[in-house]
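Biologist: Could you walk me through reading a sheet and a helix pair? I'd like the general idea, then the case at hand.

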Amino acid sequence: KVLITRSQTQASKLREMLAALGAQPVELPTIQTAPLEDYAALDAALARLGGFRWVIFTSINAVEAVFARLERGETRRDARAFGNAQIGAIGPATAEALQRRGLIANFVPARSVSEAVLEELSGRDWANVPVFLPAADIGRDALAQGLARLGAKVERVAAYRTVTPPNIDDQAREILDQRVDVVTFTSSSTVRNLLEALDGDGSGLKSSIIACIGPATAATARELGL
């Protein structure tokens, strides 16, 4: 049995692949996206979209949040608002979300870990290049900081909030009361939110293999005692 912790909006491709291999996957959404409480910074950045030479989307959620703001009200805009900006998509699913909106990504890294993305981008000239980076309100700044070290002028702006879904405490305990062989984490937030739902008690995970999507998520899991 494999427990998949994920965002409420994430597709179940991992579940389908594990089931095809003979596993018994169980999904538990531990992240939920929510609207921003204040859109001033995002709206200001979107008003200057034509001035950015690069716009890099780190998730499907960022794509949906940005286009939701562009399409609102009487001043509705579409993909043409991005002008001649180069478009980056962290991950093929993010690239597909952009394509559905009429944008073809100029850059999709082979791996979605920030450090690997920066390594692929480091061969370009970033001196004084204005970069717009819409992202979650919380999360790693590694990509923004790395681009800044390369000389870019990065604006990392919150496009949406990430919160813990309500009433996951009972769901988590019910699942873990059964024998779970593997627990998968797709981000640091999935680790934190699951342990928060368990009141910080990770003892129910001690007998399970902990599988993490990348080194940052693994570091968070170790930091929290897994």
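Predicted model: local features only at pLDDT ≥ 70, side-chain atom pairs only at ≥ 80, totals over all residues.

Biologist: Which strands pair with E2, and in what sense?

Modeller: As a general idea, side chains in a regular strand alternate between the two faces of the sheet. Here, strand E1 (residues 2-7) runs parallel to E2, joined by six bridges, with Leu3 opposite Val26. Strand E6 (residues 153-163) pairs with E2 in the antiparallel sense over three bridges; Gln32 has Val163 as its bridge partner there.

Biologist: What is the strand order of the whole sheet?

Modeller: It's an open sheet of eight strands with mixed pairing, ordered E4-E3-E5-E6-E2-E1-E7-E8. Strands E4 (86-89) and E8 (209-212) stand at the edges with a single partner strand each, so one side of each lacks a neighbour in the sheet. From one strand to the next, the twist averages 25 degrees.

Biologist: And how do I read two packed helices?

Modeller: You describe them by the angle between their axes and the distance between the axes. For helix H8 (residues 188-197) and helix H9 (residues 215-223), that's about 25 degrees and 8 Å. Angles under 35 degrees count as roughly parallel, and H8 and H9 are therefore roughly parallel to each other.

Biologist: Which residues in H8 and H9 meet?

Modeller: Ser188, Val191 and Arg192 from H8 meet Ala216, Thr217, Thr220 and Ala221 from H9. That contact divides into three nonpolar residues, three polar and one charged.

Conventions: Residues numbered from 1 in each chain as written. Heavy atoms only, no water. Axes fitted to C-alpha atoms, helices over the stretch in contact; angles between N-to-C directions. Helix = DSSP H or I, 4+ residues; strand = E, 2+ residues; numbered from the N terminus. Parallel < 35°, antiparallel > 145°, perpendicular 65-115°, else oblique. Contact = heavy atoms within 4.5 Å. Nonpolar A, V, L, I, M, F, W, Y, C, P; charged D, E, K, R; others polar. Pairing = 2+ DSSP bridges.
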